[in-house]
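Subject: The structure for you to look at

Hello,

Here is the structure I promised to pass on, with the sequence alongside. Please open it first, and then read my notes below.

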Amino acid sequence: MYYAYILISEKSGKYYVGHSSDLAERIKTHNAGKVISTRNKGPWACVYFEEFDSRLEANRREIEIKSKKSRKYIEELIINKRK
């Protein structure tokens, strides 16, 4: 199983979009400061994820979310997930 996910920085309120095969371990990696793009910006919490059968599908979804370049789009995904 692969995941496209969205994290929120509890420090700044900024979002990070990524994909991984082990979501729990990836969040730990982000919070440990081992990811350059999220270092010193955490702690991070997962607010949204989608499951996929292949890495390619998860990567495509990550790119699709990032291509929107919209905080509003991300927040709508998160809100609609809770419904």
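This is a predicted model: local features need pLDDT of at least 70, side-chain atom pairs count only at pLDDT 80 or more; totals for chains, interfaces and linings use all residues.

Let me begin with helix α2, where Ala58, Arg61, Glu62 and Ile65 are the buried residues. Looking down the axis of α2, you will find these buried residues within an arc of 105°, so they line one face of the helix.

As for its extent, α2 covers residues 55–67, 13 residues in total. From first C-alpha to last it reaches 18 Å, close to the 18 Å expected at 1.5 Å a residue. After the helix comes Lys69, which has a positive phi, near 50°.

Next, the sheet. It is open and has three strands in the order β2-β1-β3, paired antiparallel. At the edges stand β2 (15–20) and β3 (44–52), and each has a single partner strand, so one side of each is left without a neighbour in the sheet. On average, neighbouring strands are turned by 20° against each other, direction ignored.

Ala4, for instance, has His19 in β2 as its bridge partner.

How do the two parts meet, and which strands does α2 touch? The helix packs on the sheet and touches β1, β2 and β3. The direction of α2 makes about 165° with that of β2.

Notes
Residues are numbered from 1 along each chain as its sequence is written. Side-chain values use heavy atoms; hydrogens and water are left out. Helices (H or I, at least four residues) and strands (E, at least two) are DSSP runs, numbered from the N terminus. The expected span of a helix is 1.5 Å times one less than its number of residues. Buried means under 20% relative accessible area, exposed over 50%, partly exposed in between (1.4 Å probe, protein chains only). The arc is that of the directions from the helix axis to the C-beta atoms. Two strands pair if DSSP finds at least two bridges between them. Axes are lines fitted to C-alpha atoms, for helices over the stretch in contact, and angles run from 0 to 180 degrees between N-to-C directions. Contact means heavy atoms within 4.5 Å.
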